[in-house]
Amino acid sequence: EHQCDTTVGFGNHPDTSGRTTLDAMIMDGNTFDVGSVGYIRHYRDAISIARAVMTYTGHTLLVGDGAESFASMMGFTKRDATDANSIHVYEEWREANCQPNFYENIPEAKVSCGPYSPTNSTKTADIQVKSVKETWKVTHDNHDTIGMVSIDGDSNMACGTSTNGANHKVAGRIGDSPITGAGCYVNTLVGGAAATGDGDVMMRFLPSFAAVSFMEQGVSPSEACNRALLPIVKAFPTFSGGVVCVNRQGEYGAATQNMDFAYSVFVEGMSDVEVVPVN
């Protein structure tokens, strides 16, 4: 229930049906075990449910009704992720003719609310595929993700993510946060990484996995993060996102593209968390 704001977790970023939905994942860097969940609507403990998936099943990712049935079986308390603030944000969006949204190649979607019928608006044969796809500008108001990479006193490493996704996403959408290698990735013998930004683009490139692979080659955390973003930027120049990296020695760094980005660091012995801006 402790939230500094609602950019992550319950109570914000409703989808096109007006519901707040949660995605999360956790990964063990020793065993490469992963537990992930997506499209969680009626529970608020998404990361805890993800850990239960990792601990009590042989699966990696559960979504939607199936994930919620599993959460009920595991004894989690049902509490809707949608609250009065979610409904308020959704109603304001409806009053603004459902702008902005994530529909493409449907002219009506640029000026009005759905439901839409692509057969009445644009024939598939008439759709012009753009050579460079337009991406959406990620801001603190329309998106956020918590991504963590940890090292304990015995040098064991883990990573995790939790998010309520992009504001006004199409109902049913799952982003990069619960996708292994996209939201985060960790190998105790090398290091770990976590990513945030335009998840629909980022999940196609697995930047967290790429960053850990670069660190395995001996690249510094900062350079590994930078290299992980390069192929995304090459394909999508307007893409917004960032990656944070930590190696097994505890060295850390980050890189960002077209997005205000900062990460927090806490090491045993520090009196407070250090917030590090990334340019």
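## Exposed and buried nonpolar residues

Phe266 is exposed, with a relative accessible area of 52%; exposed means over 50%, buried under 20% and partly exposed in between (1.4 Å probe, protein chains only). Phe266 sits in the loop between β10 (261–265) and β11 (274–278). Together with Val273 and Val275, Phe266 makes a nonpolar surface patch of about 290 Å².

A word on the source: this is a predicted model, where local features need pLDDT of at least 70, side-chain atom pairs count only at pLDDT 80 or more, and totals for chains, interfaces and linings use all residues. Residues are numbered from 1 along each chain as its sequence is written, and side-chain values use heavy atoms, with hydrogens and water left out.

Now to the aromatic rings. Rings of Phe, Tyr and Trp (its six-membered ring) pair if their centres lie within 6.5 Å; planes under 30 degrees apart count as stacked, over 60 as edge-to-face and the rest as tilted.

| Pair | Centre distance | Plane angle | Type |
|---|---|---|---|
| Tyr103 and Tyr116 | 5.0 Å | 70° | edge-to-face |
| Phe205 and Phe236 | 6.1 Å | 90° | edge-to-face |

Phe205 lies in the loop between α5 (199–202) and α6 (207–216), and Phe236 in the loop between α7 and β8 (241–247), 31 residues apart. Phe205 is partly exposed at 27% relative accessible area, while Phe236 counts as buried at 10%. Tyr103, at 23% relative accessibility, is partly exposed.

Methods. Patches are made of residues with over 30% relative accessible area and no salt bridge: like charges are joined within 9 Å, nonpolar side chains (Val, Leu, Ile, Met, Phe, Trp, Tyr) within 5 Å. Accessible areas come from the Shrake-Rupley method with a 1.4 Å probe; for residues, only the protein chains shown count as cover. A salt bridge is a side-chain nitrogen of Lys or Arg within 4 Å of a carboxyl oxygen of Asp or Glu. Helices (H or I, at least four residues) and strands (E, at least two) are DSSP runs, numbered from the N terminus.
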